[in-house]
Structures are given as structure tokens and as C-alpha cells.
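Visitor: I would like a close look at one part of this structure, the loops and their backbone geometry. Please then connect that part to the ligand site and to the rest of the chain.

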Amino acid sequence: MAETKLNESIGEEEEKKEAEDQSFEELGVDARLLRALNKKGIAKPTSIQGVAIPLILEGKDVVARAKTGSGKTLAYLLPLLQKLFTVRADRKKLAPNAFVLVPTRELCQQVYAEVLSLVELCRVKLKVVQLNSNMLANDLRAALAGPPDILISTPTCLAKCLSGGILKAESISESLETLVLDEADLLLSYGYEKDIKALTPHVPRSCQCLLMSATSSADVDKLKKLILHNPFILTLPEVGNNKEEIIPKNVQQFWISCSARDKLLYILAVLKLGLVQKKVLIFTNTIDMSFRLKLFLEKFGIRSAVLNPELPQNSRLHILEEFNAGLFDYLIATDLSQSKEKDKLSKESDAVSRKSRKRAKLDSEFGVVRGIDFKNVFTVINFEMPHNVEGYVHRIGRTGRAYNSGASVSLVSPDEMYTLEEIRSFVGDEENKGTSSIAEFPLLTKNAVESLRYRAEDVAKSVTRIAVRESRAQDLRNEILNSEKLKAHFETNPRDLDLLKHDKILSKNAPPPHLRDVPDYLLDKPTKEAREMVKLARDAMGNNNNRRKGPKRKLRKDGDPLKAISLASKRPHKVRKTGGSDGNNSSDRHKRKKNKDI
Ligand SMILES: Nc1ncnc2c1ncn2[C@@H]1O[C@H](COP(=O)(O)OP(=O)(O)OP(=O)(O)O)[C@@H](O)[C@H]1O
């Protein structure tokens with residue numbers, strides 16, 4: 001596969017402005033899609049959309065690498081749909097015309113929901129299906145009957161359809177027009193190589209292949225070589241060598257130093273004193289820790305839901321939908337991506353399910369950190385630090401998405417200092433000479449923390465290992481029951497979000513009323529001021545009551561009190577795009593128009 005990279009040095013600011021100034025219309029997006037975007041409150045393209053959409057519309061193979069939350073999904077979905085809107089007499093329809101392959105079921109659901117909403121808003125007739133590995137052969141067959149126009153699946157499920165004869169290899173070769181590998185850097189690390197290799201011989205040469213990724217890695221290169229023909233490589237610098245830009249620049253990053261034992265106390269102070277904006281996504285490294293935190297917080301009247309791979313898929317999807325719809329403000333997500341617990345649990349649950357078939361199996365296609373678009377999350381809290389820089393980048397990438405702003409707060413124990421240092425040196429703190437891009441959290445005073453210590457330690461003692469184990473089992477039982485109800489319910493009411501609540505109290509005893517509010521005498525003056533400031537900002541952002549806000553709601557960036565205080569460095573925003581193609585392709589309208597290669 002020939003691939004040429006062109007790298008033209010043009011004024012970066014000028015380039016950025018140009019990409020940002022273009023409208024979707026100027027990019028060549030269809031009028032129906034323009035209306036749909038308008039209804040979704042999406043006004044102008046992000047940088048990656050600005051460069052990718054015209055190329056994809058021209059039928060080019062594209063590898064797009066851009067930071068988390070930069071709008072890669074619409075960058076490929078808009079041209080993909082536009083292509084399918086065009087009625088073609090020679091179009092073969094023996095199998096779906098477009099495949100979108102993603103690494104997790106959560107992402108399947110997310111992309112599926114996005115496509116459905118666009119298709120509905122455009123009022124076009126396109127059949128879209130998503131498949132998952134739990135579906136029985138008959139259900140898979142029924143879903144693929146027709147066949148649909150767009151298929152969204154994990155590679156494993158697609159491979160299963162191929163090997164089971166549910167999808168015929170010849171039909172794919174005849175009909176496949178577009179293949180998208182989303183979150184491409186994850187597909188191989190999730191162990192899908194064999195499944196992808198099973199598909200590639202049947203992908204016709206004429207098929208347009210698109211590869212979307214947040215990071216560049218050897219895996220992405222491997223996939224590129226496996227599937228793409230002479231692709232255009234679009235790289236926004238944040239995923240290239242420029243370390244400073246890898247974190248979305250609209251995320252303010254903070255850290256708090258505390259002992260591992262005091263973490264419950266500190267998170268209580270941050271949340272209960274209202275020092276961060278909602279909604280809040282909290283990451284832990286183990287399922288037990290998630291439940292410990294949930295039980296602890298609920299004693300103080302802070303209700304949260306736990307999202308973990310042990311839960312049935314329907315429940316996980318429902319939790320995500322409810323959180324995205326603003327039905328609760330605190331979500332505790334167990335990020336097992338780098339944890340030894342994942343392997344241990346997989347083995348355990350395999351063994352248990354072989355024996356009794358009672359316990360839910362840990363889902364290997366689960367992933368909360370990568371790709372999931374948690375809507376309107378303002379604050380990400382690392383209750384426990386991820387084990388490496390990549391984990392950090394992807395966790396905090398769950399806020400500050402597209403044109404929104406956000407903040408992250410990491411609770412760092414002495415044992416985790418090494419990781420923090422690694423992250424800081426990666427994001428360029430050293431070069432910033434003191435104006436650290438991960439600043440100490442400025443709103444929490446020692447006095448404020450100490451005023452809560454007695455209560456926090458008392459409650460923490462009551463959250464015993466047995467209580468955690470019981471609540472975890474209880475939650476699982478509830479969710480397995482819920483899951484069946486949800487399955488039936490979703491089939492008839494796909495948009496109804498009110499069936500079940502996931503932030504239910506799990507403690508055996510109701511939370512004591514006196515712990516719900518922090519008495520005024522416990523608060524020192526700076527804390528009162530900080531609290532008031534955050535509250536004012538929340539009001540200004542219209543974020544005080546965010547229940548059931550529609551997609552048009554936008555957070556105002558200037559309302560963030562941490563912005564005023566933070567020392568976070570101003571990193572220059574650069575858009576370096578590297579184009580790879582034959583380079584001599586005179587039909588490249590987009591290139592000509594801008595008098596440069598992309
Ligand atoms: N042009 C735009 N203007 C405003 N919001 C947008 C725009 N494009 C996409 N978004 C929104 O930005 C959010 C992030 O988009 P998306 O999930 O596609 O990011 P991503 O680049 O795929 O991130 P990740 O790498 O984490 O998967 C979504 O909620 C999406 O609706």
C-alpha cells in the first residue's frame with residue numbers, strides 16, 4: 001500500500017482559523033443533514049470535522065487521529081449517511097452497505113443512537129441495526145434480514161455472523177461500500193485482531209475505509225496496513241508528538257494531595273461543600289472501591305450510581321442513558337482497563353458461571369474510559385489514579401468535549417505521586433516553569449477538610465468490607481432483575497428513561513438525616529466564599545437544575561470559577577495536518593480550493 005505524507009508548513013493560526021471558520025454547508029454537507037445538525041444545536045464543525053468531511057465525501061480512505069471529544073463520530077457519520085442518501089441504480093444490497101466496527105457494546109449503542117437520531121431528523125428511510133455477541137443466531141438473522149443499510153457491531157459479533165453463515169462473505173464483497181473502524185487504537189488491544197482479519201479478505205477494493213482514533217499507536221498502523229488503500233492521514237498535533245496538546249485545552253486540571261485513607265474525607269469535602277460543578281464522573285480502579293464510595297457518599301445524602309463490567313449490558317446502557325439525560329449527577333465508573341482485577345474477575349466469573357450459571361459474566365466488551373460520550377460532565381474526579389498517562393488522558397477526556405469546558409480533580413496519595421509526576425512531565429508541566437498545567441486544587445482549605453473529619457471517619461468505619469460485598473451483590477441482583485424488565489421495556493419504549501432508577505440507596509439503614517447538611521458553623525470563610533462562587537457560576541451556566549435538559553443546552557465557558565483561579569497554562573492551539581495520498585491527485589477539489597494539501 002503506497003502512502004505518502006505531505007507536510008506543508010503553513011501558518012498554524014491561520015490554518016486553525018480557516019478550519020474553525022468553515023460551516024458545515026461549506027464542507028459540502030447535505031441540506032437534510034444541515035437541518036438535523038441545526039436541530040441538535042450543532043452549529044459549526046470542529047477542526048477534525050472541517051478537514052475530514054470533505055475528504056470522506058470525495059470517497060477517500062482516511063485515517064483521522066484527533067483528541068478525545070473532538071467530534072470524530074460526526075466526522076465520519078455525516079459523509080457516510082450522505083453517501084447512503086444518494087440513490088444509486090448500481091447499488092447492490094445483498095449485505096449492509098456500511099459497517100461501523102467499534103470496540104465496546106457501549107460504543108455500539110452510542111453510535112447506533114447517534115445514527116438513528118440523524119436518520120430520524122433527516123426523515124430519510126435508512127435501516128440501521130446494531131448487533132451484539134449475546135444475540136442468538138435467529139435474532140442476528142432477523143436483524144440482518146432486509147438487509148439493513150448500516151450495521152454497527154463489535155468485530156467479534158461480525159466474525160460470528162460470518163463464520164455462522166448468517167452473513168455471506170460473497171454478499172459483503174458485492175455490497176460493502178464503507179467500512180469504519182472507530183476507536184481503532186483499541187480494536188487490536190481489545191483482542192479483535194483475529195476477527196478483523198476474518199473480515200478483511202471480503203472487503204472489496206472499491207470499499208471506502210475510514211479509521212478513527214484518539215491516539216496514534218503501532219496498532220493503528222497495523223490496522224491501516226491491513227485494510228486501507230493509500231489513505232489520507234489527518235493528524236491533529238495533540239495525538240502526534242506534541243505532548244502539550246494531548247489534553248483537551250478546555251479542561252482545567254487540578255490535584256489534591258491526601259493519604260489513601262483520607263480520600264473518602266477529601267471527596268466528601270469537595271462534593272458536599274459544592275466546590276465542583278455537576279455533573280460529576282468519578283473513576284475508581286476496583287469494583288469494591290466503587291461500592292465503598294457509593295455507600296459512603298449516600299450516608300451524606302449524595303446519591304450516585306455505579307457503572308461496572310459486572311452489570312448486565314441493558315443495565316449499563318440504561319445507567320448511561322439516565323446519566324446522560326441528567327437524571328442523576330454523580331456516576332462512579334470502575335475503570336478496570338489497567339487493573340489486574342479484570343483478569344482475576346474474568347477467571348472467577350467464568351469459573352462461577354460454568355458451575356452455576358448464576359453469576360453475571362464479566363463483560364470483555366465493556367469499556368467506560370474510551371469513546372463513551374458522557375453528556376455534559378463538567379467534572380471528572382480521579383478518586384484513584386489511573387496507572388499510566390494514557391489512562392489519565394482518556395479519563396479526563398470525558399469532560400471538555402467538543403466546544404464545552406470542564407475540570408478534572410485527581411486525589412493523589414503518596415503512593416500515586418509517581419504516576420502524577422509521570423503525567424505532569426508528559427503534559428509539559430516542567431516546560432511551563434511553575435505555571436503548572438495540573439494545578440493544586442485551590443478551593444479546598446485545610447480547615448474545611450478538618451471540619452468534616454470526625455463525621456467522615458465515623459461513617460467510613462461503618463462501610464465495612466462485608467457491607468461493600470453485600471451491597472455489590474445486592475446491586476447485581478437488582479440489576480439482573482432490572483435487566484430483564486429493561487430488555488422487554490426497551491423493545492416497546494426505546495425512548496422511555498423513567499422505568500428504573502440506578503442511584504438507589506444500597507445501605508441497609510437509611511442515611512441519618514443529620515449528615516445530609518453541613519452545618520454553617522463547620523465552614524470557614526474561604527470555603528463559604530468558594531462555595532458561593534461555584535454556586536453563582538452554576539447559576540450563570542444554567543446548571544443548577546439540569547434534569548432532562550435537551551441536547552441544545554450549552555455550558556457557558558466563562559462561568560467557570562476555577563478558570564479565574566487556575567494557573568493552568570495557556571497552551572498554544574496548533575492544528576498540524578499531515579496529508580497522505582498520492583500527492584499528485586489533481587482531482588482533489590478540497591486541496592485545490594485551499595491551495596494546500598491536508
Ligand atoms: N461540531 C460540533 N459542535 C458541537 N458539539 C459537537 C460537534 N461535533 C460533535 N459534538 C459533540 O461533541 C461530543 C464528543 O463527540 P465524539 O463522541 O464524536 O468525540 P470523539 O472525538 O469520538 O471522542 P472520543 O475519542 O472520546 O471517542 C458529542 O457529544 C458530540 O455530540
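Predicted model: local features only at pLDDT ≥ 70, side-chain atom pairs only at ≥ 80, totals over all residues.

## Loops, ligand and surroundings

Guide: Lys279 sits in the loop that runs between helix H12 (263-272) and strand S10 (280-284), and the peptide bond joining Lys278 to Lys279 is cis, with omega about 0°.

Arg123, which is not a glycine, has a positive phi near 55°, and its place is in the loop between helix H5 (105-122) and strand S4 (128-130). Arg123 is exposed, since its relative accessible area of 74% is over the 50% cut-off. Cys122, by contrast, has a relative accessibility of 4% and so counts as buried. Asn376, again a residue other than glycine, has a positive phi of about 50° and lies in the loop between helix H15 (340-355) and strand S13 (379-382).

Cysteine pairing can be settled by distance. Cys108 is buried, at 2% relative accessible area, and the closest cysteine sulfur to its own belongs to Cys157, 7.8 Å away, which is too far for a bond because a disulfide requires the two sulfur atoms to be within 2.5 Å. The count of disulfides in the model comes to 0.

From the loops we can turn to the ligand. The ligand is surrounded by 23 residues, of which the closest are Lys44, Gly69, Thr73, Glu183 and Asp373. Helix H4 (residues 72-85) gives the largest share of this shell, with 3 residues. Several side chains place polar atoms by oxygen atoms of the ligand: for Glu183 the separation is 2.6 Å, for Lys72 it is 2.8 Å, and for Lys375 an N or O atom of the side chain is 3.1 Å from a ligand oxygen. Taken alone, the ligand would expose 640 Å², and the protein buries 92% of that area.

A UniProt record, an unreviewed entry, places a short sequence motif called the Q motif at residues 22-50. In the model that span is 45% helix and 0% strand, and its end C-alpha atoms lie 7 Å apart.

Beyond its neighbours within four places in sequence, Leu179 is in contact with residues including Phe99, Leu101, Leu199, Val203, Leu210 and Ile227; the C-alpha atoms of Leu179 and Leu210 are 6.2 Å apart, although 31 residues separate them along the chain. Tyr418, in helix H17 (residues 417-427), is exposed at 61% relative accessible area, and its C-alpha atom is 9.7 Å from that of His387, at a sequence separation of 31 residues.

These details belong to a protein of 598 residues, 60% of them buried, with 22 helices and 16 strands. Of the contacts between residues at least 6 apart in sequence, 80% join residues at least 24 apart. The protein exposes about 25,100 Å², of which carbon and sulfur atoms supply 51%.

Technical notes. Residues numbered from 1 in each chain as written. Heavy atoms only, no water. Buried < 20%, exposed > 50% of the residue type's maximum accessible area, 1.4 Å probe, protein only. UniProt positions renumbered as here; feature names shortened; annotations may be inferred. Helix = DSSP H or I, 4+ residues; strand = E, 2+ residues; numbered from the N terminus. Contact = heavy atoms within 4.5 Å. Near = heavy atom within 4 Å. Polar contact = N/O pair within 3.5 Å; in protein donor to acceptor, adjacent residues only side chain to side chain. Areas by Shrake-Rupley, 256 points an atom, 1.4 Å probe, with all protein chains shown as cover.
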